[in-house]
Amino acid sequence: MSRPRWIAIGALVLLLAVGPFVPRGGDRDDGAITPSGQQEYDARPAAAAGLGELTPAAAAEIDRVVGQGRRDTVAARATPAAQAAALTRCAEFEGQRYCLGTGWTRSTPAEVRSRVATEARAAAQPVAGRARRVERTGDLDTAARLRRTAALTPAQRAAQERAELTAAARSVAKVWLLRHELQGVPLPAGFLERHPEARAIPGAAPVARTSAKDYPPYARVMKARQVSSQTRTYWCGPTAMQMIAWGWRDKKRAQSRWAARLGTTSDGTAISSMVATINRSTGWDRPDHAGPYIVLDIGDWSYRQWSRLLMKHIAVYRAPVVLHPILLKRFYPYLDDDASGHFQVGRGYRQRPGKAMAISYFEPWDQQRFDPSEPYIERVQWRSAYKSYRANKAHPHQNIGV
Amino acid sequence: MRALRYAVPAALLVLAGCSSDAGSGTPPDADAPSTTESATGSSTAAPAPAPDWQPVDGPVDRAVTRNARGTELTGATHRETFLTETHSLVVEQEPEESEPARAVLTDLESGKESVLDGDSEVPTTTGGTWALGPGSLVHATVAPDGSYCLATVELDTLAATRGWCAPQRHGFTGARITDAGTTLQTFDDARPSCRTVGTVEGTEVVPFADAPACTAWDALVLDSGPVWSVVRNERNIEQVDLFAQGPGGPGDVVELGVGTSGTLVGCGGAAYFVRDPQDASDPARLVRWDGTSVEVVYESPAGPAFLETPRCGGDVLTLTAYAEGGDEQVSARVR
């Protein structure tokens, strides 16, 4: 192959790897986006933070973490533990921690590295007596993510990490608001002065919403008829993305298009690509909706906090959630078999006083398409919120796209 | 307090709601009662005693199945496991489902193992439903003409036969075997599928006389007659209403109340199913129908909570509860 062709291929790979993380800036090109204007909810002010500016301190932190990666090279054939140690690096942005490939977390870097190494080992070889290899529906497991990242050239990896960290740094205000409003963490002194993008109403401070009574008893977004089932076994990511974008633009685009944008391979789709593509390709991330989507580690979130997060997202942000459960029969008893980590589109809830909370989601996985021994079920489903919470917590990644 | 929580053979008031919002995406109104009936009033027979639930040691997510002779299977490490007092059946399937399933049937008395796979006289196929009963097992098979069929293997002779075959553009799942017979859910390729439950009788599947067309999900038969579930709302596929044939025979339908799809099991001559919490503070419950009365025989730790599908080994039932009040795995003889 000629040198120019190699260069062209390399540039294309880099573009695909970095593309999803390139922020579009604080001002939106609304001319390219067509809000449907037909959402099934009553308009009310949202309280999401928009994209912030990249501060010098954040830029320096990104330089530090990316620079460390350039020094700590690791081979694609290295052990999962070695890959986890080299590729799981964390940045501190204004007191919040973002770990590459994991998202915003309150775990220590050492805890995250240990967890990632354990996940990678388990994904590569299930622990004897505790688990087995299962059918894959399309989320990218840790071992595959590490392999994929390790296979990049140092320059490609650095560019990808810089883009991911930059997007994270610019969304730190949203993380602070969620921690404050849902987990009761006090905002740091001067936060609102430093982050005008965090004010839904100029001059107003965010209000902690700690009770279900702070939210309407019922809310949902997106039209129930704008749903589809994945056409490949490993395309839950592209199909979830297809439905999320369809709900915004009121126009359906091919799953193959979303697979290309997400960088989906037969190993699946990374949740970091899901949130980055929502930010890049829809308006759900506008400040009057959810603000920039982030990957949030919910390992330390109680059920109460997790359920409030969904309520806030759907009733206040008026935007869908990237649910990230593990598709085990114990959580989804209608399935015929256990399956892997998975993406669904969270889009509704119901919380009547004294009653168990239910959530609504769009399910990309049509088991009948790939297994004729199972009946077809509807793509729109309602179910126990607690089951979905436990399915999210049981996923080795324990994260969600919000 | 644990003993108190386990000992809850409370009479059950059946609340069978009937609402629908399939067109709008609104959740089903599980709380709205439409008819009320006390199933316990259908018989004067004394209900069986409540099971004496005992904790199972080890991680709760192992999905243990036990029997009275001390055999223990770990479900988490296999595609499916089945256990009776005399046999175990462990089914494996590689994740890509490109090869037929492989199952090992073990005679627990002699220790003899028999393999069922794609090379068997009546071969296995990829995926598909499996069930193990007191005298036979069933699995899916593909006939030489491509038909999707049910194979039956006699446990004493290992003689295998191909029986009922689904019509074109139809399939089946949810096989269950009890002393009273073998049942299936059959379905077509409509969206949603038209689902029918019935009993396997030779090369036929005979629909339950009182189960509705197209909306059923689970099925089994007891000596007292069929037990089945019906999906209330296709957009809440996990919630079903359970029904059973009463002592009056066909036409005498007893409402057993709300349950969770896929969780109906036969064990020790009775039917059991899971009921998710209906109220915020409710525990998850296990409900038993013994042919004459319906009772709650287990309550999880404090909710929110849910139960995994119960696992039967002969006369021993093992349960896993996931709850904010603490997860637990418990087991009890049920006959």
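Because the model is predicted, local features need pLDDT of at least 70 and side-chain atom pairs count only at pLDDT 80 or more, while totals for chains, interfaces and linings use all residues. Residues are numbered from 1 along each chain as its sequence is written, and chains are lettered from A and ligands numbered from 1 in the order in which they are written.

**Chain A overall**

- Chain A holds 14 helices and ten strands; helices (H or I, at least four residues) and strands (E, at least two) are DSSP runs numbered from the N terminus.
- Of the 402 residues in chain A, 55% are buried. A residue is buried if 20 or more other C-beta atoms lie within 10 Å of its own, exposed if 12 or fewer, and partly exposed in between, with C-beta atoms placed from the backbone.
- Among contacts in chain A with a separation of 6 or more, 73% are between residues 24 or more positions apart. Two residues are in contact if their C-beta atoms, placed from the backbone, lie within 7 Å.

**Contact between chains A and B**

- Chain A contributes 38 residues to the contact and chain B contributes 44 residues.
- On the chain A side, strand E8 (358–362), strand E9 (380–384) and helix H14 (385–394) each supply at least two residues.
- E9(A) gives the most to this side of chain A, with five residues.
- The side of chain A that touches chain B has 15 nonpolar, six polar and 17 charged residues. Ala, Val, Leu, Ile, Met, Phe, Trp, Tyr, Cys and Pro count as nonpolar, Asp, Glu, Lys and Arg as charged, and the others, Gly among them, as polar.

**His395(A)**

- His395(A) lies in the loop between H14 and strand E10 (399–401) of chain A.
- His395(A) counts as buried because it has 25 C-beta neighbours inside 10 Å.
- Leaving aside neighbours within four places in sequence, His395(A) is in contact with His324(A), Pro325(A), Ile326(A) and Gly341(A).
- Pro325(A) is 70 residues from His395(A) along the chain, and their C-alpha atoms are separated by 5.8 Å.

**Domains of chain B**

- Chain B is divided into domain 1 (2–24 + 32–67 + 167–315) and domain 2 (80–165), with bounds from an automatic or database domain assignment.
- The contact between them takes 20 residues from domain 1 of chain B and 16 residues from domain 2 of chain B.
- Strand E15 (170–178), strand E16 (181–188) and strand E18 (204–207) of chain B each supply at least two residues of the domain 1 side.
- E15(B) gives the most to that side, with eight residues.
- By class, the domain 1 side has six nonpolar, eleven polar and three charged residues.

**Strands around E16(B)**

- E16(B) is largely enclosed by the rest of the structure, because six of its eight residues are buried.
- E15(B) and E16(B) pair in the antiparallel sense over seven bridges; two strands pair if DSSP finds at least two bridges between them.
- A hairpin of two residues joins E15(B) to E16(B), and Ile177(B) has Thr182(B) as its bridge partner in E16(B).
- E16(B) also runs antiparallel to strand E17 (residues 195–201) of chain B, joined by five bridges.
- The hairpin from E16(B) to E17(B) passes through six residues, and Leu184(B) has Gly198(B) as its bridge partner in E17(B).

**Glu96(B)**

- Glu96(B) lies in the loop between strand E8 (87–92) and strand E9 (102–107) of chain B.
- Glu96(B) is exposed, with 11 other C-beta atoms within 10 Å.
- The C-alpha atoms of Glu96(B) and Thr126(B) are separated by 9.4 Å, with the two residues 30 residues apart along the chain.
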